[in-house]
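I opened the model to look up charged pairs, the ligand site and a few backbone angles. The entries below follow the order in which I looked.

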Amino acid sequence: MVFGKRVKLRAFEPAEADALWRWNHDPDVMRWMDDGYAASLARVRRNLEERAPNAYGDVLYAVEVLADGALIGLVRLRDAEPETGLAALDVYLGEKEYWGRGYATDAVHALCRFGFEDMRLHKISLTVVTENHAAISVYKKVGFVEEGRLRSVFRRDGRWYDQFTMGLLEGELVDGRP
Ligand SMILES: CC(C)(COP(=O)(O)OP(=O)(O)OC[C@H]1O[C@@H](n2cnc3c(N)ncnc32)[C@H](O)[C@@H]1OP(=O)(O)O)[C@@H](O)C(=O)NCCC(=O)NCCS
């Protein structure tokens, strides 16, 4: 388990598949996310049950609010390799009433700290649609910087959007949490 100031990062339980399925079918949550082909609730549950345990190359954590125990989303560090010290980060909070209260910033900060201190990573990277201002704000608050722009790589409602690539090096993590 990993603790932030106001959230706990812990394993995602198969019994929580309903929440994940609901978030994946919420257009507001998925607005700037790659939603692919919609999966049934049974498939989401089976995927969680059959998922390999968390390990160096794929760490998936549920984000739980310490104050009320609510499950509000997930964070993931994936594709880490000890040989390179590189990994990629994803975050999404599916419970919209918890947006704008600093929980994503706290969760991303806690996961990056875990990545650098416990996994000994050198660099964490991500991509984000350039219109996803809330997510970009979260990433900048913990120290991520824009490193490049991928032109016309994300399509939503018949329009193409650019993505930023962002990166955070060990030693650059900032405590921008409220
Ligand atoms: C993006 C997301 C992770 C943000 O979570 P959150 O808990 O609301 O984030 P925080 O409260 O920690 O911080 C949000 C910041 O964005 C800012 N923000 C929110 N909407 C904004 C907007 N439209 N324009 C600019 N900034 C905005 C907030 O003011 C806040 O910054 P501040 O603390 O400096 O005021 C969450 O909305 C989410 O999961 N969205 C759906 C999935 C997604 O897009 N994930 C990211 C994929 S790359």
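**Entry 1: Arg156 and its surroundings**

I began with the side chain of Arg156, where a polar atom lies 3.0 Å from the backbone oxygen of Met30. The side chain of Arg156 also reaches the backbone oxygen of Arg31, at 2.8 Å. I count a polar contact as a pair of N or O atoms within 3.5 Å; within protein, one must be able to donate a hydrogen and the other to accept it, and residues adjacent in sequence count only if both atoms are side-chain atoms.

This is a predicted model, so I kept to its limits: local features need pLDDT of at least 70, side-chain atom pairs count only at pLDDT 80 or more, and totals for chains, interfaces and linings use all residues. Residues are numbered from 1 along each chain as its sequence is written, and side-chain values use heavy atoms, with hydrogens and water left out.

Arg156 is found in strand β7. Helices (H or I, at least four residues) and strands (E, at least two) are DSSP runs, numbered from the N terminus. Is Arg156 buried or exposed? At 14% relative accessibility, Arg156 counts as buried. The classes are buried under 20% relative accessible area, exposed over 50%, and partly exposed in between (1.4 Å probe, protein chains only).

**Entry 2: salt bridges**

I then searched the whole structure for salt bridges and noted 17. A salt bridge here is a side-chain nitrogen of Lys or Arg within 4 Å of a carboxyl oxygen of Asp or Glu. Side chains of opposite charge can pair when their charged atoms come close.

Asp157 lies in the loop between β7 (145-156) and β8 (159-169), and Arg31 in the loop between α2 (27-30) and α3 (41-50), so the pair ties together parts that are 126 residues apart in sequence. Asp157 is exposed at 70% relative accessible area, whereas Arg31 is partly exposed at 32%.

Next I looked at Lys8 and Glu64, whose side chains meet in a salt bridge (3.5 Å, N to O). This pair links distant parts of the chain: Lys8 is in strand β2 (residues 7-10) and Glu64 in strand β3 (residues 58-65), 56 residues apart. Lys8 is buried, with a relative accessible area of 19%, and Glu64 is buried, with 14%.

Lys140 is partly exposed at 45% relative accessibility, and Glu146 is partly exposed at 37%.

**Entry 3: the ligand**

I moved to the ligand, which sits in the largest pocket. On a 1 Å grid over the protein atoms alone, a pocket is an open set of points with protein on both sides within 12 Å along at least five of seven lines. A molecule sits in a pocket if more than half of its atoms lie within 2 Å of its grid points.

Of the 22 residues around the ligand, Leu93, Gly100, Gly102, Thr105 and Lys141 come nearest. A residue is near a molecule if one of its heavy atoms lies within 4 Å of it. Which elements each supply at least two residues of the shell? They are β5 (86-93), α4 (103-117), β6 (123-129) and α5 (133-141). The largest share, seven residues, comes from α5.

A polar backbone atom of Leu93 is 2.7 Å from one. An N or O atom in the side chain of Asn132 is 2.9 Å from one. A backbone N or O atom of Ala134 lies 3.5 Å from one. The protein covers 69% of the 960 Å² of accessible area that the ligand has on its own; areas come from the Shrake-Rupley method with a 1.4 Å probe.

**Entry 4: backbone angles**

Last, I looked up positive phi values. Asp79 has a positive phi of about 65 degrees although it is not a glycine. Asp79 is found in strand β4 (residues 71-81) and is exposed, at 51% relative accessible area. Phi of Arg120 is near 60 degrees, again a positive value in a residue other than glycine. Arg120 lies in the loop between α4 and β6 and counts as exposed at 67% relative accessibility.

Definitions and conventions:
1 Å grid on protein atoms, 1.4 Å probe; cavity = no way out; pocket = protein on both sides within 12 Å on 5 of 7 lines; lining within 4 Å.
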